[in-house]
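Subject: Handing over a structure, with notes

Dear colleague,

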Amino acid sequence: MRILAFEALRAVDERDAYANLVLPPLLRKAREDEGFDARDAALTTELVYGTLRHQGTYDAIIAACVDRPLREVDPPVLDVLSLGAHQLLGTRIPTHAAVSASVELARVVLGDGRAKFVNAVLRRIASHDLDGWLERVAPPYDEDPEDHLAVVHSHPRWIVSALWDALGGGSTGIEDLLAADNERPEVTLVARPGRTTPDELLAAVGDQAAAPGRWSPYAVRLTEGGEPAALEAVREGHAGVQDEGSQLVALALAAAPLDGPDRRWLDGCAGPGGKAALLAALAAQRGASLLAAEKQPHRARLVGRALAGNPGPYQVIAADGTRPPWRPGAFDRVLVDVPCTGLGALRRRPEARWRRRPEDLAGFAPLQRGLLREALAAVRIGGVVGYATCSPHPAETRAVVEDVLKGRGGPAATAEWIDARPLMPGVPALGDGPDVQLWPHLHGTDAMYLALLRRTG
């Protein structure tokens, strides 16, 4: 288990891989070759994701236990130390077992000499529990609140600052949000309309392991984890894995009031296909069609697989939404879920917090504005555009919409806001509107943002 976890962490570090892509094939191979059972897989998953989520905290603790700057510790050694720190400070594994297993891992993957170093450092770490260490390594909140929260909740300081701003700058909510980013999220399924129902999904999973969604009428939560691919409905495309926040975005666009025809819908950034599949199913119920466009051909193929078997008409194309092949005003509803920093999904991709930099915001800005401008050009007068992104950062959310509407950096768009809040019935704490920001700590979803705009000219 620990060797497998180490291999996953090395892939994340060396190849900038994502754990959610690296770990499943490693676990499958271990099941086939070594007889891994569900408990082995669960522990391995906890070791990998727990270590990644708390990397910042563990780095601060390890730094206090070594006699050199952390940057001078070889990355493989640091991975073994981080795995050991998580077992000591973040799990119920007994201290002696955590230390001995980590030292044995070090012998196997690093050699005897560095195993002695690992042993010495882990014994220092074991001298205090997590709270004791945080008192020693985290600066006092009163002296530096952002750095305190960054160490305690294992987020880069600039992300703490950005999330704090997004919440409005007050003290309410920031610790809950940072803590929610470090919790293991439930797996959520979507029952695609016309193909299966939530009740059928619940029956297939079993009442003891699943529950209805909190907000989306099509959601089913796997409360005890599990493998969605083991469900026939998922394998056949009747259902899919999709966060409730993403479901709510698609449902709100589909529910937005519309005058005139409602025949042609566009998903302008469709990869990997979750929202497109839900939109296609909703469109089919109304006799409408969906065009799903994705710039990257390999992601367009994923969209095609997600939509395969949809009961209504649809088309999938590889196309750049900033240089669209469709004619202006061709669609009644348009969604652009734009590329972004992904700061709203840090609980699912914990490694992303350590890769992103503040300058990434500027890198995405022209693309986000260009996609929204072209989406507004693609919709007919009176039609509706949904601008969505999995980030709560103000620079990726309302600032983008306001710049496009006011003509900053390009011609002003002739469009008006639609209040998105009534289109998410029953969902609390949606803010002052007209746009909507979802939050992990308030809604149990990714931090999805949605602005709805009606073209007026």
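The notes below go from the whole chain to single residues.

Please keep in mind that this is a predicted model, in which local features need pLDDT of at least 70 and side-chain atom pairs count only at pLDDT 80 or more, while totals for chains, interfaces and linings use all residues. Residues are numbered from 1 along each chain as its sequence is written, and side-chain values use heavy atoms, with hydrogens and water left out.

**The chain as a whole**

The protein chain has 20 helices and 12 strands, where helices (H or I, at least four residues) and strands (E, at least two) are DSSP runs numbered from the N terminus. Its radius of gyration, taken over C-alpha atoms, is 23 Å, close to the 23 Å that the globule rule (2.2 Å times the number of residues to the power 0.38) gives for 457 residues, so the chain is as compact as a globular protein of that length. Along the principal axes, the C-alpha atoms fill a box of roughly 75 × 50 × 35 Å.

Of the 457 residues, 54% are buried; here buried means under 20% relative accessible area, exposed means over 50%, and partly exposed lies in between, with a 1.4 Å probe and protein chains only. If we take the contacts (heavy atoms within 4.5 Å) with a separation of 6 or more, 71% of them are between residues 24 or more positions apart.

**Strand S9 and its partners**

Strand S9, residues 379-389, is mostly covered, since 10 of its 11 residues are buried. S9 pairs with strand S8 (residues 331-337) in the parallel sense over 6 bridges, and two strands are said to pair if DSSP finds at least two bridges between them. Within that pairing, Leu 335 stands opposite Gly 386 of S9. Strand S12 (residues 449-455) runs antiparallel to S9 and is joined to S9 by 6 bridges, and Arg 454 of S12 is the bridge partner of Val 384.

Although Thr 389 and Met 448 are 59 residues apart along the chain, their C-alpha atoms are separated by 5.9 Å. When residues up to four places away in sequence are not counted, Thr 389 touches several others, among them Asp 337, Cys 340, Glu 396, Met 448 and Tyr 449.

**Helices H4 and H3**

In helix H4 (residues 55-63), the residues Gly 56, Thr 57, Tyr 58, Asp 59, Ile 61 and Ile 62 are buried. The buried residues of H4 pack against a set of helices including H3 (38-53), H5 (75-90) and H7 (112-125).

Arg 53 is found in helix H3, and Arg 53 is buried, with a relative accessible area of 4%. Its neighbours within four places in sequence left aside, Arg 53 is in contact with residues including Ser 154, Asp 181, Glu 183, Arg 184, Arg 347 and Trp 354.

Most residues other than glycine have a negative phi, and most peptide bonds are trans.

Ser 154 sits in the loop between helix H9 (145-153) and helix H10 (157-166) and is buried, with a relative accessible area of 0%. Ala 429 also has a positive phi, near 55°, but Ala 429 is partly exposed, with a relative accessible area of 48%, and its place is in the loop between S10 and S11.

Two peptide bonds deserve a look too. The bond from Gly 271 to Pro 272 is cis, with omega near 0°, and Pro 272 lies in the loop between strand S5 (264-267) and helix H15 (274-285). A cis peptide bond also joins Gly 433 and Pro 434, with omega about 0°, and Pro 434 is in the loop between strand S10 (415-418) and strand S11 (436-437).

With best wishes
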